[in-house]
Amino acid sequence: MELEKARKKLAEAGSVAILTGAGVSAESGVPTFRGEGGLWRNYRAEELATPDAFERNPSLVWEWYDWRRGILAPLKPNPGHFAIAGMEKKFDNFLLITQNVDGLHAKAGSRKMVELHGNIWKVRCLADGKVSDNHETPLKTLPPRCECGSMLRPHIVWFGESLDAGVIEAAFSAARDCEVFIVAGTSSLVQPAASLAGIAKESGAYVIEINPEATPVSGMVDASIRGKSGEVLPLLV
Ligand code: OAD
């Protein structure tokens with residue numbers, strides 16, 4: 001019933017934005033950051049994904065990213081990723097806002113996208129900030145170096161760092177301007193992503209949440225669909 005209404009609203013919309021989180025990649029086998037599966041040599045993500053950790057021991061931080069890249073490399077997008085990639089062709093105005101760094105949305109064909117937290121397949125030169133693609137797994141040298149000789153870092157937003165201002169602006173303006181806003185596979189705990197659904201709602205959008213569990217935004221959305229994104233998203237579009 002709720003799904004039917006959401007389907008209808010989406011079919012009538014001209015502008016759509018969707019926010020995704022780790023849950024959208026769960027059915028592809030992407031391991032979580034937290035909990036037992038998230039531990040690596042007794043370190044937690046919060047101890048490694050920080051500017052301080054990188055300054056202290058860049059090789060250790062890179063070893064962890066190299067390990068994660070090795071796990072992600074063979075994984076494939078799931079039907080949820082493909083449904084989202086199909087949406088950008090359907091709507092005149094569309095933006096995918098993802099918190100995921102795994103690159104699976106791009107693998108599924110998504111192009112109209114902003115990556116709030118960066119991308120694990122991109123590296124950034126510490127000297128001039130130049131960002132480039134890097135798919136080498138395993139990395140031949142740790143830490144990897146730019147052709148200019150400087151050290152490279154993962155192009156990821158670490159704990160304690162600010163998000164790219166242009167990326168945030170694009171995400172917020174899409175949330176303000178869309179007719180339908182979908183929030184899928186995110187716990188809606190991490191800011192500023194967590195406030196996007198509220199902004200969309202206040203701006204008059206019809207807001208749809210897809211998550212097997214309730215989150216802090218569930219009570220505020222127009223349709224809270226409890227299910228897996230890989231199953232619900234293909235039914236929605
Ligand atoms: P979380 O791990 O906090 O939340 C994942 C959400 O996905 C939970 O609400 C689950 O109920 C839901 N979920 C699980 N399986 C699902 C499925 N098959 N379909 C749909 N939903 C499912 O992940 P995020 O909200 O993405 O930041 O976390 C946000 C940020 O916190 C991450 O980007 C990361 C982390 O710290 C950085 O790395 C900067």
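The model is predicted: local features require pLDDT of at least 70 and side-chain atom pairs count only at pLDDT 80 or more, while totals for chains, interfaces and linings use all residues. Residues are numbered from 1 along each chain as its sequence is written, and side-chain values use heavy atoms, with hydrogens and water left out.

Strand β4 covers residues 118-125; strands (E, at least two residues) and helices (H or I, at least four) are DSSP runs numbered from the N terminus. Of the 8 residues in β4, 6 are buried, where buried means under 20% relative accessible area, exposed over 50%, and partly exposed in between (1.4 Å probe, protein chains only). Two strands pair if DSSP finds at least two bridges between them. β4 pairs with β6 (residues 152-156) in the antiparallel sense over 5 bridges, and G118 stands opposite I156 in β6. β4 also runs antiparallel to β5 (residues 131-133), to which 3 bridges join it; here V123 is opposite S132. β4 and β5 form a hairpin with 5 residues between them, and G129 in the turn has a positive phi of about 75 degrees.

The loop between β5 and β6 contains P138, which a cis peptide bond joins to T137, with omega about -10 degrees. Another cis peptide bond, with omega about 0 degrees, joins Q191 and P192; P192 lies in the loop between β7 (180-184) and α9 (196-202).

S188 is likewise found in the loop between β7 and α9. Although not a glycine, S188 has a positive phi of about 50 degrees, and S188 is buried, at 9% relative accessible area. N42, in the loop between α2 (23-26) and α3 (45-48), is not a glycine either and has a positive phi of about 65 degrees. With a relative accessibility of 71%, N42 counts as exposed.
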